[in-house]
Amino acid sequence: MLGPLAVDATGARIDGLLLAGDAAGFIDPMTGDGLRFAVRGGELAAAAALRALEHGWRGVHDRLAAERRAEFGNKWWFNRALRALVASPRAVETAAMGARLVPAVLQRIVAQAGDCASAARATA
């Protein structure tokens, strides 16, 4: 067993180099987001590369970082909070008790984990 795994790429920004997929950062696959982060992150990097080719490298890395934060920030926070919860047996026990008492809360957490939270709210 490995874990918890979560890495945010940091370091020198090099003109001509953009990071995407796991090279840009990854999170353990507890909620199944790894592939979504990789694919969408690749799309963001591709758009950044096109901007760099058209307009030069000035600001490309900062804009890409901001786009990644806007796209993934809430989900990164949620995944890290969930990972911290499951790392504590006491927290898991408390959460299990809470889920039995208020199952709607567990349903919302599962919907958030599966990126279905907005759909769940729309049907409620």
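The structure is a predicted model, in which local features need pLDDT of at least 70 and side-chain atom pairs count only at pLDDT 80 or more, while totals for chains, interfaces and linings use all residues. Residues are numbered from 1 along each chain as its sequence is written, and side-chain values use heavy atoms, with hydrogens and water left out.

The chain contains five helices and two strands, in the order β-β-α-α-α-α-α from the N terminus. Helices (H or I, at least four residues) and strands (E, at least two) are DSSP runs, numbered from the N terminus. Of the 124 residues, 23% are buried.

Five salt bridges are present, each defined as a side-chain nitrogen of Lys or Arg within 4 Å of a carboxyl oxygen of Asp or Glu. In one of them, Arg 13 pairs with Asp 62, and the closest N and O atoms are 2.1 Å apart. Because Asp 62 lies in helix H2 and Arg 13 in the loop between strand S1 (6-8) and strand S2 (25-27), this pair ties together parts that are 49 residues apart in sequence. Glu 67 forms a salt bridge with Arg 51, with a closest N and O separation of 3.2 Å. This pair links helix H2, which holds Glu 67, to helix H1, which holds Arg 51. Arg 51 is buried, at 18% relative accessible area.

Three aromatic pairs were found in the whole structure; rings of Phe, Tyr and Trp (its six-membered ring) pair if their centres lie within 6.5 Å, and planes under 30 degrees apart count as stacked, over 60 as edge-to-face and the rest as tilted. Phe 37 and Trp 76 form an edge-to-face pair, at 6.3 Å centre to centre and 70° between the planes. Since Phe 37 lies in helix H1 (residues 34-55) and Trp 76 in helix H2 (residues 60-86), the pair ties together parts that are 39 residues apart in sequence. Both Phe 37 and Trp 76 are buried. Together with Phe 72, these two residues form one aromatic cluster.

Key:
Buried < 20%, exposed > 50% of the residue type's maximum accessible area, 1.4 Å probe, protein only.
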